[in-house]
Amino acid sequence: QRRYDVRSDTASDYSTCVTLTTTLSLGASSTSVGYGEPVVLTASLRVADRDGYGKVGGNRLSDRVVTLQRRPAEGSTWFSLGRMSPTATSGGYSFSTRPHSTGDYRAVFTRPSDEGLTGATSVAITIRVADCSGPGCPTSLPVDPAQAAR
C-alpha cells in the first residue's frame, strides 16, 4: 500500500501489517451563536502526511466512524453527541446541532481493530452561546401583574 497506494474511489481498508497515524481536524460554521441557533460542525479525517508513508500519506479517510463530543463550559467530562455523517467531500464528516449553552466540541476517531490506522482526536473548538432572552426562552415566563407589584 505504501508503494502503490489504495483505491481512492472506495473506502479502502488499510493493512494491519503497518500502523499509520491519522489526523482529525474540526471546524464550525460559527463559534458564536444565539440561543438555539443552528451550528454545523465539520471534520476532516486523513492519514498523516509523512515521508515514510509513501503514496498513502495524506489520503483522506471516508466511511469511518467519527463521533462528535461536547463538554460544558469549564467542565472536564466529555459527552458523546453522536456519530458524524459523511459528507460529499472525501474524508469529510458533519454534525448539525442547536446549542443552548456555551461548550467545547471535539471530533474523535477510535482506532479500528481491523485496520492499521491509529485513533485521533481533534483540537477542541469553543462555541459561545448568547443568553436566551425574550419570548420562547425556557426561563422566560409571563409575569403576572399582581406578582410583579409585590
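**A working chat on a predicted protein model**

Q: What should I know about the model itself?
A: This is a predicted model, in which local features need pLDDT of at least 70 and side-chain atom pairs count only at pLDDT 80 or more, while totals for chains, interfaces and linings use all residues. Residues are numbered from 1 along each chain as its sequence is written, and side-chain values use heavy atoms, leaving out hydrogens and water.

Q: How many helices and strands are there?
A: The protein has 1 helix and 10 strands. From the N terminus on, the order of elements is β-β-β-β-β-β-β-β-β-β-α. Helices (H or I, at least four residues) and strands (E, at least two) are DSSP runs, numbered from the N terminus.

Q: Which strands make up the open sheet, and in what order?
A: An open sheet of 4 strands has the order E1-E3-E7-E6, with antiparallel pairing. Strand E1 (22-28) and strand E6 (85-86) stand at the edges with a single partner strand each, so one side of each has no neighbour in the sheet. Two strands pair if DSSP finds at least two bridges between them.

Q: How many bridges join E3 to its partners E1 and E7?
A: E1 is joined to strand E3 (residues 39-47) by 7 bridges, and E3 is joined to E7 by 6 bridges. Leu-26 has Ala-43 in E3 as its bridge partner. Ser-25 stands opposite Ser-44 in E3, and Ser-44 in turn has Gly-92 in E7 as its bridge partner.

Q: Which residues of E3 lie on its covered face?
A: The covered face of E3 holds Val-39, Leu-41, Ala-43, Leu-45 and Val-47, while Val-40, Thr-42, Ser-44 and Arg-46 form the uncovered one.

Q: Which residues have the most contacts inside the largest nonpolar core?
A: They are Leu-24, Leu-26, Ala-43, Val-66, Met-84 and Ile-127, in a core of 25 residues. E3 gives the most to this core, with 5 residues. A nonpolar core is a set of buried Ala, Val, Leu, Ile, Met, Phe, Trp, Tyr and Cys residues joined through side-chain atoms within 4.5 Å.

Q: What does Val-66 touch away from its own stretch of sequence?
A: Leaving aside neighbours within four places in sequence, the contacts of Val-66 include Leu-24, Ala-43, Met-84 and Tyr-93. Contact means heavy atoms within 4.5 Å.

Q: Changing topic, is Asp-104 buried or exposed?
A: Asp-104 counts as buried because its relative accessibility is 12%. Buried means under 20% relative accessible area, exposed over 50%, and partly exposed in between (1.4 Å probe, protein chains only). Asp-104 lies in strand E8 (residues 103-109).
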